[in-house]
Amino acid sequence: MLNIGDIMETVTMIQDENLDIRTITMGISLLDCCDSDIDRSCEKVYEKICRCAGDLVKVGQEIEHTYGIPIINKRISVTPIAMLVGASGGDPIQYALTLDKAARTVGVNFIGGYSALVHKGFSPGDRELIASIPRALSQTEFVCSSVNIGSTKSGINMDAVRTMGHIIKEAAVLTADRQCVGAAKLVVFCNAPEDNPFMAGAFHGPGEPDCVINVGVSGPGVVRAALAKAGPDCDLTEVADIIKRTAFKITRMGQLVGSEASRRLGVPFGIVDLSLAPTPAVGDSVAHILEEIGLETCGGCGTTAALAMLNDAVKKGGVMASSNVGGLSGAFIPVSEDAGMIAAARSGDLTIEKLEAMTAVCSVGLDMIVIPGNTEADVIAGLIADEAAIGMINSKTTAVRVIPAIGKDVGDELVFGGLLGSGPVMRINQKSPSKMILRGGRIPAPIQALRN
Amino acid sequence: MRAVISVVGEDRVGILAMVSGICAKTNANVVEVTQSVLQEFFVMVMLIDISALNCELADLRRELEENGMGMKIQVMHEDIFHSMHRI
């Protein structure tokens with residue numbers, strides 16, 4: 001029989017501690033939509049997305065009703081569009097508009113995969129797609145874009161890094177009238193996972209099956225509440241244990257929802273992404289977990305250690321709860337999407353340099369950070385190179401999603417609204433790395449790549 | 001198929017009657033009820049069989065919420081508790 005304590009624990013997690021399924025993301029391969037004629041190719045893309053994902057939102061809502069668990073987002077990831085551009089030629093914007101239209105038709109709130117994988121070099125379609133990203137993001141509402149510029153196996157493509165510095169800037173300029181939101185939908189990756197369900201970096205890798213369901217859970221509020229309940233007397237081993245146990249429960253829910261969605265949609269279940277994904281809502285913050293562990297403010301000394309423990313414990317707890325784990329799997333630290341991070345950034349306690357250190361021990365990277373609008377493209381490229389180097393050497397995913405706030409400077413803020421939140425413009429070291437960036441070429445694969 | 005109704009709020013007359021009345025109306029068989037009053041808070045957990053429900057589970061939930069008398073009411077399929085709390 002069910003235990004009343006267990007029942008009330010679950011109910012409290014959902015009602016009071018913001019436990020939810022962050023996203024059910026359907027990955028759809030578009031490789032069979034390639035055509036030498038771009039118009040024909042776009043038709044096939046639209047038809048396939050609508051056919052595969054037609055019931056996604058409805059099934060998501062049914063599951064919400066059955067289990068009483070909120071599923072915040074229903075999303076789609078597709079094959080990197082650069083591969084289709086390589087086959088069809090033409091203006092890649094047509095694909096962006098097609099994806100946007102398909103997303104609107106099926107009712108999802110983001111579609112990811114306006115992407116290129118260029119970690120070792122550019123193939124046909126890659127340069128055209130990358131060049132079109134700023135326009136694509138300014139002309140569409142739902143499309144998200146990502147570019148993989150490095151990996152542990154192949155090193156870092158510095159030509160792509162340099163280009164991306166300019167592309168991020170341009171994406172912000174073209175959407176300056178909308179809080180520069182274009183740059184918030186563009187992620188530059190090193191070691192990008194092919195099955196990530198979280199936006200803006202989701203795409204459906206070429207090694208994935210035709211259609212698949214991936215799930216991302218979220219529960220920073222639950223972890224913080226569990227630690228608060230345990231009180232200040234337990235030592236850090238016990239703290240890690242509480243996080244593990246809580247992560248297990250959160251992930252079990254993701255596993256249940258994912259397998260149920262896969263059954264109802266008749267699509268194979270891919271992975272659960274074991275992530276602690278914050279939202280700007282009060283009580284749903286990763287920074288507040290770190291502060292509950294015992295930091296005065298997120299960003300102070302001790303932050304990296306606390307985050308490392310949190311990230312590791314989340315994985316240990318989650319991995320046994322799910323039959324297949326993948327995606328990014330770790331604690332996210334998107335500044336503008338986390339109430340605690342926003343406060344720490346505003347007060348100046350959280351700096352980009354500290355965030356960079358934090359990315360070495362947690363999921364992803366420099367995420368949703370607002371920087372001064374007059375930051376040079378090469379400085380952004382330098383930031384991307386630094387972050388990619390951390391990922392490459394540590395065999396982990398890292399990413400950069402920074403938003404140059406056009407016309408604004410330190411002390412100002414950008415307000416995106418919704419899950420993207422709001423963020424103060426953070427100070428960034430403006431000393432120029434241009435000479436290094438302009439050298440171009442490739443940072444060779446590190447010795448860690450030679451594992452055979 | 002079974003679901004769990006949980007009700008939390010200020011104790012008052014007629015809560016159990018309201019919930020069980022709606023269950024009867026929707027043909028949900030009450031399998032088990034546990035309730036307690038912690039300080040002034042009323043907590044009730046009811047296990048119901050929903051295999052012969054004459055409406056959607058979502059309709060049952062809506063009806064309970066609309067007649068909720070200011071209580072926090074959740075209706076959730078029992079699988080969520082099994083998967084979360086049992087290995």
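A crossing of two helices is called left-handed if the near helix is turned anticlockwise from the far one by less than a right angle, and right-handed if clockwise. The exercises below concern a predicted model, in which local features need pLDDT of at least 70, side-chain atom pairs count only at pLDDT 80 or more, and totals for chains, interfaces and linings use all residues. Residues are numbered from 1 along each chain as its sequence is written, while chains are lettered from A and ligands numbered from 1 in the order in which they are written.

**Exercise 1.** Describe how helices α12 and α14 of chain A cross.

*Solution.* Step 1: helices (H or I, at least four residues) and strands (E, at least two) are DSSP runs, numbered from the N terminus. Step 2: the axes of α12(A), residues 303-319, and α14(A), residues 352-359, come within 9 Å and cross at roughly 30 degrees. Axes are lines fitted to C-alpha atoms, for helices over the stretch in contact, and angles run from 0 to 180 degrees between N-to-C directions. Step 3: α12(A) is therefore roughly parallel to α14(A) (angles under 35 degrees count as roughly parallel, over 145 as roughly antiparallel, 65 to 115 as roughly perpendicular and the rest as oblique). Step 4: the crossing of α12(A) and α14(A) is right-handed. Step 5: Thr303(A), Thr304(A) and Leu307(A) of α12(A) make the contact with Lys354(A), Ala357(A) and Met358(A) of α14(A); residues are in contact if their C-beta atoms, placed from the backbone, lie within 7 Å.

**Exercise 2.** State which elements of chain A supply the side that touches chain B.

*Solution.* Step 1: chain A gives 18 residues to the contact and chain B gives 21 residues. Step 2: at least two residues of the side of chain A come from each of α1 (4-16), α3 (56-67) and α10 (236-265). Step 3: the largest share, seven residues, belongs to α1(A).

**Exercise 3.** Give the strand order of the four-stranded open sheet of chain B and locate its helices.

*Solution.* Step 1: the order is β2-β3-β1-β4, with antiparallel pairing; strands pair if DSSP finds at least two bridges between them. Step 2: β2 (29-38) and β4 (72-77) of chain B are the edge strands, each pairing on one side only. Step 3: β1(B), residues 2-10, and β3(B), residues 41-49, pair over nine bridges, and Val4(B) has Leu47(B) as its bridge partner in β3(B). Step 4: helix α1(B), residues 15-25, packs on the sheet and touches β1, β2 and β3 of chain B. Step 5: helix α2(B), residues 57-66, also packs on the sheet, touching β1 and β4 of chain B.

Definitions and conventions. Contact = placed C-beta atoms within 7 Å.
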